[in-house]
Amino acid sequence: MDRRRINGPSGATIPPVFDDAGSQDLASVKSRSRPPNATRKMYLRTGVTPSASGSAYLEIATSAKPGVSGLKLNCSVHGPRSLPRSAPFSPHIVLSTHVKYAPFSTQQRRGYLRDPSERDLAIHLEAALRGAIIADRWPKSGVDIIISIVEGDQDRETSKSQGDEVWDMMNALSGCITVAAAALADAGIDCVDTVAGGVAALVQDAGDDSTPSIVVDPIPSEHGKILAACCVAYLPTRDEVTNLWFRGDLPASDMDLYTSLVENGIRASKNANCVLIDCLTETVG
Amino acid sequence: MASSQHVLLSPAELAYLHASLSLTPPIRPDGRTPIQFRPLSAETGILPGTNGSARICFADGTEAIVGVKADVERTAQRPGEETVFLEGGAGDDEDDQEGETKEGVDKRKGDASWVEMTVEIPGLRDDDSGTAFLAAMLSEALLADGEFVKRLWINRRFHWKLYLDIILISPPLSYPLPLLSLTTHLALLSTRLPRLKSEGDEDPFFDDDWAAAPYLFPRPAHTTTTTTTTTTRPPITLLVMAVGNNIIFDPSKEELAVADVALAVSVAGSTAETGKGEAEEAGRRLRLLSVRTIDPPSRLTPPGIANAANTAYGASNGAVGTQKMLEARTAEAEAVEGVWRAPRGGAKRMVLGALVQKVLERGGVVDEVLDALEGVELG
C-alpha cells in the first residue's frame, strides 16, 4: 500500500474488453507463426541514458498478430562507486538490482511500490548477474542495476489472461538478464562472459489429449496451454548456467523432457547472446 | 537475503570445509551422510483458531510455525465467461465429488490469487527481497500444477481464500527454506474446511460440526473396492547443493557458505492405491514442480591469499607497475590448493541435471521425507 500518494480504488474496475467485429477473426489466427525453435527478433542498443555509467534498451518484436505488444526494457547501471561510510566492509562489489514494471505496462495497473513479483524478478536477476561479474576486482564498492519495464509482454485482446502472468514473468526475466548484461558491458564492469537469458516451454496446442511439444521463446496467448517453462541465464564461452528457473508440472519419470527443456532454454539464450555480441561490437567498432 | 548473510568463517576455514566436503564420501561438520536430514520434531494442530497449523523444530534450534486460515470469498466474474444463473440444480451438489470424474470433465476452476502466503523472518524487514523470494518459491510450488487451487472451489460464485502465514520463531541460523516448506506441508495436511451443506450455486452454507469437516487433502481411504484411488500430497521444497563432485542435501549455514551451486527443488508426490482386498501400494509417483537456483553465499566470502603472494611470508612488496598488475591478473585466475577463492561463473548444466536427478530418484530422499511426514499424527 502506497501511503504517500492518493490511491485509486483497488480492483474496482476490470480492464475494458472491446467487442469489435474483427476480434472473431483474431481468435482464429491465434497460433504460433514462427517455427518452434525460433526466437522473436529483438532490438538492443547501449548508451541510451547519458547520465548513467552504463545503459541499454531492449525491445522484442511484436509477433505477426496485431494487438500483441512487445517487451520494452530500459536498464541503467550506476557505479561502480564507493560504498557509504556506514556500510560494512565488503571484499566484493555489492550488487543491488531493481526491477520495476511501469504502472501502465500491463493490463492490470501496477502500483508505484514494487510488489512481490517484482522483488522476485530482482532476486533472479541478481543471481544471474552475480555469476557473471568478476566481483573481487572491486572491493568496498557497489553498483546499482535498475531496470524499468516500459511495456510488458501481454496480449491486450483477450479478456481472461488467467495464469498467463507467471509465464510473462519468465519472458520478462530473460529480457532483463540480456539487457542488464549489455548495460554492464557498457559501464565497463568486468565480467567472465556476456550472460543472456532464454526461455523454453512445454506447450499443448490442440486440446488436452494432444502430445505436448517444446517451443522456444513462447508467447502464452499463442499456445493453448503451457505445461512447464524454464528460464535460463547462460554463459556461452564457459558453457555454464548462472540462473535456472523452472516451473510447471512434469512427471519425475520423464527426466529427458526436463533436460530438453533446459537445452532449449540454452539455445534461446545463445540466440539472444548473438544479438548482444553484435550490439556490443557495433558500439566498439 | 537470508542465504547471503555473512558467515563468520575465515578463508582458511572455508578452504578446509570445502576440501572435506569434496572428499568421497564427503565429511560434513555435523557427521551426517550426504543425503541425511537434520533431525526434527514436528507436531500439528497446535493453533486452535486456525483451519490447520503445524510446528517444526530442527535440532539446531530453528523453529517455524505455520497457520492456515480460510475465508469464503465471492469469485470475480469476468466478462466472456459463461454467466452464472441461480437455478435449483439437480445433481449440482455432487460437483465437489463427481465433478472431476464425470466424463472426465472438471468443472472446477481455480485462480492463483486464492492463495495468499506471507513469510515472516525475525531480523528481516517484511518487504525484504529475500522474504519475497522465499514466499514466491513456496507459493510457486503450491500453485505450479493448478490442481491445488481447484480444491478451494466451492461453487461457481464462491471460493475459499486461503491465507498461509509462515513465521520463523528462531533467528535464521541456516537458510530456512526446507524448514518452512516442511512446516507448510504439514499445516496443509492438517487443514480442514467446514463441510458444505448448501447445493449448487447457492450462497454457501456450512455444517457447524467441526468433527465432520473434511480434510483439504483427504486421508488415504483403505477401502476394499477395486477402483484405483490417488491421494495427492502438498509439495515439498528441498535445498540441494553441490560441492566438487558431491551432492549434499539439507546443507547447514556453514556448508552453504562453500557451495559451488545451490538449488531449491519442489516436488509433489501422489500415491496410487489399488485396493484389491488389501491396500496394495503401486508406489509413489513424484512430480517435478519447480527448480530455482539459489544465489550461494559462497560468492560473497572473502578470498584467501597464497603464501607466495603474502608479504608477511616474504613476498616482495615492490612498486606496483603494470607488469605486476598483469601478473596479479593471471595469479587471480589459477587456483592454489588450500587457498580459498569464491566461486566465479555459473554451474555446468551436467551438475544442475545431476542435482535434479538425485532429488527425483526413486526411493531417494524425497520418499524418505514424505514417509516421515506421513507418520506425523494429525492433531
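User: How many bridges join strand β9 (residues 240-251) of chain A to β11(B), and in which sense do the two run?
Analyst: This is a predicted model, in which local features need pLDDT of at least 70, side-chain atom pairs count only at pLDDT 80 or more, and totals for chains, interfaces and linings use all residues. Residues are numbered from 1 along each chain as its sequence is written, chains are lettered from A and ligands numbered from 1 in the order in which they are written, and side-chain values use heavy atoms, with hydrogens and water left out. Strands here are DSSP runs (E, at least two residues; helices are H or I, at least four), numbered from the N terminus, and two strands pair if DSSP finds at least two bridges between them. β9 of chain A and β11(B) are joined by two bridges, and the sense is antiparallel.

User: Which residue is the bridge partner of A:Glu240 in β11(B)?
Analyst: A:Glu240 lies in strand β9 of chain A. Its contacts (heavy atoms within 4.5 Å) beyond four places in sequence include A:Tyr234, B:Arg344 and B:Ala347. The bridge partner in β11(B) is B:Lys348.

User: Is A:Glu240 buried or exposed?
Analyst: Buried means under 20% relative accessible area, exposed over 50%, and partly exposed in between (1.4 Å probe, protein chains only). The side chain of A:Glu240 also has a polar contact of 3.0 Å with that of A:Arg238. A polar contact is a pair of N or O atoms within 3.5 Å; within protein, one must be able to donate a hydrogen and the other to accept it, and residues adjacent in sequence count only if both atoms are side-chain atoms. Because its relative accessibility is 9%, A:Glu240 counts as buried.

User: What area do chain B and chain A bury between them?
Analyst: The interface brings 44 residues of chain B into contact with 44 residues of chain A. Buried area is the accessible area (1.4 Å probe) that two parts lose on being put together, summed over both. Carbon and sulfur atoms carry 52% of it, and the total is about 4100 Å².

User: How many salt bridges does the rule find across the interface of chain B and chain A?
Analyst: The rule asks for a side-chain nitrogen of Lys or Arg within 4 Å of a carboxyl oxygen of Asp or Glu. B:Arg287 and A:Asp249 form one, with the closest N and O atoms 2.6 Å apart. Across the interface of chain B and chain A, the number of salt bridges is eight.

User: Which element supplies the largest share of the side of chain B that touches chain A?
Analyst: Across this interface, 21 residue pairs are in polar contact, both at pLDDT 80 or more. On the chain B side, α3 (129-143), β10 (278-294), α6 (322-333), β11 (347-348) and α7 (349-360) each supply at least two residues. The largest share, eight residues, comes from β10(B).

User: Which residue stands opposite B:Val240 in β8(B)?
Analyst: Strands β7 (residues 236-243) and β8 of chain B pair antiparallel over four bridges. They form a hairpin with two residues between them, and B:Gly244 in the turn has a positive phi of about 60 degrees. Opposite B:Val240 stands B:Phe249.

User: Is A:Ile93 buried or exposed?
Analyst: A:Ile93 sits in the loop between β3 (72-82) and β4 (94-101) of chain A. Beyond four places in sequence, A:Ile93 touches residues including A:Pro80, A:Trp138 and A:Val143. Because its relative accessibility is 3%, A:Ile93 counts as buried.
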